[in-house]
Amino acid sequence: MITPGNVHDMRVAKDCIAAVPPSAELVGDKGYCGNELRAWLAERGTQAVIPSKRNRKVQIPHDPAIYKQRNIIERMFCRLKDWRRVAMRFDRNIKTFMATIAIAATVIWWL
């Protein structure tokens, strides 16, 4: 699901997560530290491994060992953003943009 650049990902987080089968944990960054998302994940039987924001009055603990594995995904996005065409989103058509991501991912995987 592609959103405009000025829309926060939290607005479509539930839709994107609901599209995949439930897992034991969901790892997210501090931007997803909302009570509504955490409650929805708990209903789904998924543990939210999301660190609390600094300004949260009651800090919610998370598993740092599981959260550490998030860097694998962050490195993948960093490699995709090395492709200027993907990072700047030159392709306005969704099909062309997704094709560019597929080509970039294939080249990154082969190298």
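The following is a conversation about a predicted model of one protein.

Biologist: How many helices and strands are there in the protein?

Modeller: The predicted model contains 6 helices and 2 strands. Along the sequence they follow the pattern α-β-α-β-α-α-α-α.

Biologist: What box do the C-alpha atoms fill?

Modeller: Taken along the principal axes, the box is roughly 40 × 30 × 30 Å.

Biologist: And what share of the residues counts as buried?

Modeller: Of the 111 residues, 24% count as buried. As for contacts between residues at least 6 apart in sequence, 28% of these join residues at least 24 apart.

Biologist: Let us turn to H6. What span should the helix have, and how far apart are its end C-alpha atoms?

Modeller: Helix H6 covers residues 94-110, which is 17 residues, and at 1.5 Å a residue it should span 24 Å. Its end C-alpha atoms are 24 Å apart, in agreement with that expectation.

Biologist: Which residues of H6 are buried?

Modeller: They are Phe-97, Thr-100, Ala-104 and Ile-108. Viewed down the helix axis, the buried residues of H6 fall within an arc of 65 degrees, so they line one face of the helix.

Biologist: Why do residues three or four places apart point the same way in an α-helix?

Modeller: An α-helix has 3.6 residues a turn, so residues at that spacing point the same way.

Biologist: What covers the buried residues of H6?

Modeller: The cover includes helix H4 (70-81) and helix H5 (84-87).

Biologist: Which exposed residues are on the face turned away from the buried side of H6?

Modeller: That face carries Lys-95, Ile-103, Trp-109 and Trp-110, which are exposed.

Biologist: What happens at the start of H6?

Modeller: There, a side-chain oxygen of Asn-93 comes to within 3.1 Å of the backbone nitrogen of Lys-95.

Biologist: Back to Thr-100 for a moment. What does this residue touch?

Modeller: Leaving aside residues up to four places away in sequence, Thr-100 touches Arg-85, Val-86 and Asp-91. Thr-100 lies in helix H6 and counts as buried because its relative accessibility is 11%.

Biologist: Arg-85 and Asp-91: how far apart are their closest N and O atoms?

Modeller: Those atoms are 2.9 Å apart, and the two residues form a salt bridge. Asp-91 is buried, at 6% relative accessibility, whereas Arg-85 is partly exposed, with a relative accessible area of 41%.

Biologist: How many salt bridges are there by this rule?

Modeller: The count comes to 4 salt bridges. In general, side chains of opposite charge can pair when their charged atoms come close.

Biologist: What does Glu-36 meet in a salt bridge?

Modeller: The side chain of Glu-36 meets that of Lys-14, at 2.9 Å from N to O. This pair links distant parts of the chain, with Glu-36 in helix H2 (residues 35-44) and Lys-14 in helix H1 (residues 13-18), 22 residues apart.

Biologist: Are those two buried or exposed?

Modeller: Glu-36 counts as exposed, at 57% relative accessibility. Lys-14 counts as partly exposed, at 27%.

Biologist: And which residue forms a salt bridge with Arg-70?

Modeller: Asp-29 does, with the closest N and O atoms 3.6 Å apart. Here too the pair links distant parts of the chain: Arg-70 is in helix H4, Asp-29 is in the loop between strand E1 (25-27) and H2, and 41 residues separate them.

Biologist: Is Arg-70 buried or exposed?

Modeller: Arg-70 is at 19% relative accessibility and the cut-off for buried is under 20%, so Arg-70 counts as buried. Asp-29 is partly exposed, with a relative accessible area of 28%.

Biologist: Which residues are linked in a network of salt bridges?

Modeller: Asp-29 and Arg-70 are linked in such a network together with Glu-74.

Biologist: A change of topic: how many disulfides are there in the whole structure?

Modeller: The search finds 0 disulfides. Cys-16 is in none, and the nearest cysteine sulfur, that of Cys-33, is 19 Å away. Cys-33 is likewise in no disulfide.

Biologist: What is the relative accessibility of Cys-16, and of Cys-33?

Modeller: Cys-16 is at 35% and counts as partly exposed. Cys-33 is at 8% and counts as buried.

Definitions and conventions. Residues are numbered from 1 along each chain as its sequence is written. This is a predicted model: local features need pLDDT of at least 70, side-chain atom pairs count only at pLDDT 80 or more; totals for chains, interfaces and linings use all residues. Side-chain values use heavy atoms; hydrogens and water are left out. Helices (H or I, at least four residues) and strands (E, at least two) are DSSP runs, numbered from the N terminus. The expected span of a helix is 1.5 Å times one less than its number of residues. Buried means under 20% relative accessible area, exposed over 50%, partly exposed in between (1.4 Å probe, protein chains only). The arc is that of the directions from the helix axis to the C-beta atoms. Contact means heavy atoms within 4.5 Å. A polar contact is a pair of N or O atoms within 3.5 Å; within protein, one must be able to donate a hydrogen and the other to accept it, and residues adjacent in sequence count only if both atoms are side-chain atoms. A disulfide is a pair of cysteine sulfur atoms within 2.5 Å.
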